[in-house]
Amino acid sequence: MKTFAQILMFLILADAFAQQNSDSTDIFKLNDQEYLERRGANVMLAHDFYPESHQGGVGLIQNGIRVATNGDLRLEPAPGQWQPVPKVGERQVDRQKGEISVRMSYPDPSKDRVGFNPIIYPDLDMSYTLKVLPEGKSFRIVVDLDKPLPEEWVGKVGMNFELFPGILFGKSYFMGDEFGIFNLQANGPGFYTEDGEYRLEPMATGKELTVAPEDPKQTLTIRNLKDNELELLDGRAIHSNGWFIVRSLVPAGATKNAIEWLVTPNVIENFIYDPVVQVSQVGYHPAQEKIAVVETDKTDTDIKNIKLLKVKTDGGFTEVISQKPEKWGDFMRYKYYQLDFTKITDPGMYVLEYGDYTTEPFQISRDVYKRDVWQPTLEYFLPVQMCHMRVNDRYKVWHGLCHMDDARMAPTDHNHFDGYIQGTETLTKYEAGEHVPGLNQGAWHDAGDYDLRIESQAATVQGLSHIYEIFQEDYDNTSIDQETRIVEILQPDGKPDILQQIEHGLLSIVNGYESLERFYRGIIVPTNRQYILLGDPVTHSDNVPFSNDPEDENIPIGLEGAPDDRWVFTENNPRRELQAAAGLAAAARVMKDFNPDLARRSLNISEEIWNITEPDDELQKVMLAVELLRTTKEKKYSDFLVANIQLIAENIEQTGWVVGPALPLINNKKFTQKMRAAVKGHLQTVQEQEKKTPYGMPYEPDIWGAGWGIQDFGVKQYFFHTSYPDIFPAKYMLSAMNFVLGVHPGVNTSSFASGVGSRSITQAYGVNRGEFSHIPGGIGSGTALIRPDFPELLEWPFLWQQTEYVLGGGTTDYLFLILAADKLLNEK
């Protein structure tokens with residue numbers, strides 16, 4: 001006869017066996033993608049590799065939202081962007097136990113490689129195994145150290161788990177007898193550590209934390225199974241882009257199970273991802289292919305009719321289409337369907353309705369791209385980015401007259417924390433630290449940083465030049481005065497804005513070349529405190545060139561006379577020099593009447609670069625050869641292209657769109673035939689890649705948003721189509737544009753162009769990010785991939801891999817696409 005204890009043990013083992021072998025989706029199990037999954041929750045380990053931007057370690061997706069990430073041992077309570085991260089080994093999977101593990105170690109020597117933001121690692125040799133294990137509706141996070149922490153590191157190394165703030169503000173937390181809310185801003189009290197670093201007192205301490213118990217979609221419990229306590233910290237104490245952090249310290253002497261947490265995410269019963277209808281937030285031209293994409297849970301079998309409804313002028317809707325969407329198939333973690341409503345051409349405002357989901361209104365009109373779509377980029381974003389100017393916008397000043405002390409020659413043998421490298425020489429007549437004249441005019445600040453990179457300056461100039469040359473757009477709604485250095489947004493001055501912006505870029509590139517006798521690599525602030533500025537760049541420096549007196553070197557940044565001037569870096573980089581020269585050659589064509597002197601100087605520089613630059617391979621000279629041929633009509637450039645016919649044909653994806661517009665000038669039948677044959681082969685490649693996604697074009701999701709690359713692809717497609725119209729269709733260009741305007745994966749169907757369309761990115765990583773705002777016409781990087789299969793575009797301004805604005809192709813490619821679509825579609 002069995003004892004009670006034996007019966008109890010039997011029941012426990014039976015229950016555990018049943019949970020392990022059950023087909024139920026209500027408990028965590030290891031799936032084929034090597035992460036733990038239960039219905040409504042996923043746990044990833046070391047799929048992502050970007051902890052500097054809140055992707056890495058243990059991550060948790062709960063009820064369709066990524067709520068926590070970066071679960072790992074860290075050396076600081078609230079790490080910043082350039083602080084030590086562990087070296088990540090290969091992920092190991094034990095399918096019998098359902099366990100995922102990865103070997104980790106400090107330091108990570110790869111982070112000290114040349115050209116990467118250098119990270120200074122402390123004297124710590126630590127190796128460990130980080131594991132996640134399923135435990136019914138919960139999962140455990142376990143850390144096994146190879147050896148105990150050195151005594152001096154006890155109390156410093158701890159397990160961190162970051163909670164996404166954007167969905168927590170105003171929600172509550174409980175930790176034992178302590179409770180409170182997640183505040184919009186970091187609040188005191190604070191204190192200084194023995195190392196002099198400022199910290200906030202923990203929001204709460206205890207054994208078990210419950211997050212947002214009032215919201216079943218977000219309720220999350222974390223219990224520390226060891227003797228030490230959990231801390232709930234506000235990671236914004238030092239870093240404005242920090243997240244809320246759950247942390248517990250590694251105990252002295254601990255090795256096996258040094259950290260052991262039990263994490264229980266609440267999930268909605270029978271959770272199914274709500275369907276999303278992805279449509280252009282701007283709308284469509286009547287002659288345009290119109291395909292809406294419906295994104296659903298893979299388990300969703302309740303496929304409803306999708307309805308196209310026309311908005312009535314007196315209120316309500318008229319049903320235009322009601323039918324089952326056509327199944328496309330699986331992509332990433334979702335199942336996709338499509339509605340092709342190309343045949344609908346009647347002008348008006350429309351919405352699409354699928355079950356409980358209704359899109360924002362969009363239009364069908366021949367004039368859909370003529371207003372409010374490309375203009376914000378030209379009349380807001382580019383002016384706001386203008387350096388060496390004061391930028392006024394009615395009652396607002398976007399920034400004051402900045403960086404008039406540009407620039408000091410960068411120190412030799414210096415690796416800047418943002419990746420700029422100055423070698424053993426300055427490569428100029430200027431000594432390290434010496435003021436370089438002529439650099440305090442023109443240029444645009446790059447992205448959310450305030451640096452000036454030659455490649456982004458030149459790409460913007462070249463892109464704008466192509467735009468003006470092809471579309472002859474004389475739009476004028478901005479006043480730009482280079483003498484007074486004042487910009488007035490929404491105030492016309494009688495001059496085409498595009499030409500004025502090209503001029504502004506050229507002033508920096510040309511003046512810089514003439515002063516340095518070479519292109520600058522980049523111009524950037526010298527200190528981290530200046531670099532992370534959230535605010536007006538006029539506060540970067542005192543606008544007065546540094547004295548170079550040794551006694552002034554120690555004046556603190558922020559005080560008059562400080563060594564706060566930006567540094568200018570140089571390099572030997574033939575590829576980059578040729579690219580920059582191509583931008584000048586293109587600009588010389590369109591500027592010859594607007595600013596003849598600047599056009600002449602630009603052309604002289606581009607020809608000089610052609611003559612003196614020896615590239616690594618001739619392919620790097622193709623673009624410059626084409627631009628110089630189109631500008632000068634000199635035969636030597638067409639001779640170069642013909643001589644490299646085989647190389648150009650073998651790299652047709654890179655070259656076909658470049659040489660296409662120059663084919664009439666090259667005027668060589670054999671060359672043209674060779675290009676056409678290669679282009680036909682490239683079309684087959686694009687067609688095969690297109691089949692892999694429901695978005696009508698090639699698309700490879702990655703850890704960084706794909707928007708800029710897709711825009712670049714779209715611009716190239718315009719040239720493929722217009723240069724080889726009988727081979728390449730326009731559809732790929734238009735699909736790329738639609739992707740940026742809202743037809744992209746994930747629940748956030750926003751237009752990547754801020755302020756454009758019914759719904760757009762309104763929290764973005766630009767110079768405005770500290771205000772949780774946007775710059776109209778800025779183009780975000782877009783939907784990113786949380787590996788291995790979760791598309792994400794969060795409402796959060798500090799994720800540069802999703803919402804960063806950039807200069808160069810990220811700006812001009814967007815302008816180009818919209819104007820190109822308007823031109824092509826209205827020519828039909």
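Arg787 counts as partly exposed because its relative accessibility is 25%, where buried means under 20% relative accessible area, exposed means over 50%, and partly exposed lies in between, with a 1.4 Å probe and protein chains only. Arg787 forms a salt bridge with Asp48, and the closest N and O atoms of the two are 3.9 Å apart; a salt bridge here is a side-chain nitrogen of Lys or Arg within 4 Å of a carboxyl oxygen of Asp or Glu. This is a predicted model, in which local features need pLDDT of at least 70 and side-chain atom pairs count only at pLDDT 80 or more, while totals for chains, interfaces and linings use all residues. Residues are numbered from 1 along each chain as its sequence is written, and side-chain values use heavy atoms, with hydrogens and water left out.

**Salt bridges**

- Asp48 is buried, because its relative accessible area is 9%.
- The structure holds 45 salt bridges, and one of them joins Glu135 to Arg140, with the closest N and O atoms 2.7 Å apart; Glu135 has 37% relative accessibility and therefore counts as partly exposed.
- Glu688 forms a salt bridge with Lys691, the closest N and O atoms being 3.1 Å apart, and here Glu688 is partly exposed at 47% relative accessibility, whereas Lys691 is exposed with a relative accessible area of 57%.
- A network of salt bridges links Asp446, Arg453, Glu455, Arg521, Glu571 and Arg576.

**Aromatic pairs**

- The structure holds 48 aromatic pairs, a pair being two rings of Phe, Tyr or Trp (its six-membered ring) whose centres lie within 6.5 Å, with planes under 30 degrees apart counted as stacked, over 60 as edge-to-face and the rest as tilted.
- The rings of Phe417 and Tyr531 form an edge-to-face pair, because their planes stand at 80°, and their centres are 5.3 Å apart.
- This pair connects distant parts of the chain, 114 residues apart, since Phe417 is in the loop between β34 (414-415) and β35 (421-422) and Tyr531 is in helix α5 (residues 528-531).
- Phe417 is buried with a relative accessible area of 16%, and Tyr531 is buried with a relative accessible area of 9%.
- Trp610 and Tyr637 also form an edge-to-face aromatic pair, with 5.2 Å centre to centre and 80° between the planes.
- Trp610 lies in helix α7 (residues 596-612) and Tyr637 in helix α9 (residues 635-643), so this pair ties together parts that are 27 residues apart in sequence; both Trp610 and Tyr637 are buried.
- One aromatic cluster is formed by Phe164, Phe169, Tyr173, Phe182, Trp243, Phe244, Phe772, Trp796 and Phe798.

**Helix α15**

- Helix α15 (residues 731-741) is largely enclosed by the rest of the structure, because 10 of its 11 residues are buried; among them are Tyr732, Met737, Phe739 and Leu741.
- The buried residues of α15 pack against β22 (283-284), α13 (669-690), α14 (707-723) and α17 (809-827), with contact meaning heavy atoms within 4.5 Å.
- Just after α15, Gly742 takes a positive phi of about 140°.

**Cysteines**

- The count of disulfides comes to zero, a disulfide being a pair of cysteine sulfur atoms within 2.5 Å.
- Cys387 is in no disulfide, and its nearest cysteine sulfur, that of Cys402, is 4.0 Å away.
- Cys387 counts as buried at 0% relative accessibility, and Cys402 likewise counts as buried at 0%.

**Surface features**

- Asp227 lies in the loop between β17 (220-224) and β18 (230-234), and with 79% relative accessibility Asp227 counts as exposed.
- The C-alpha atoms of Asp227 and Glu260 are separated by 9.9 Å, while the two residues are 33 residues apart along the chain.

Definitions and conventions:
Helix = DSSP H or I, 4+ residues; strand = E, 2+ residues; numbered from the N terminus.
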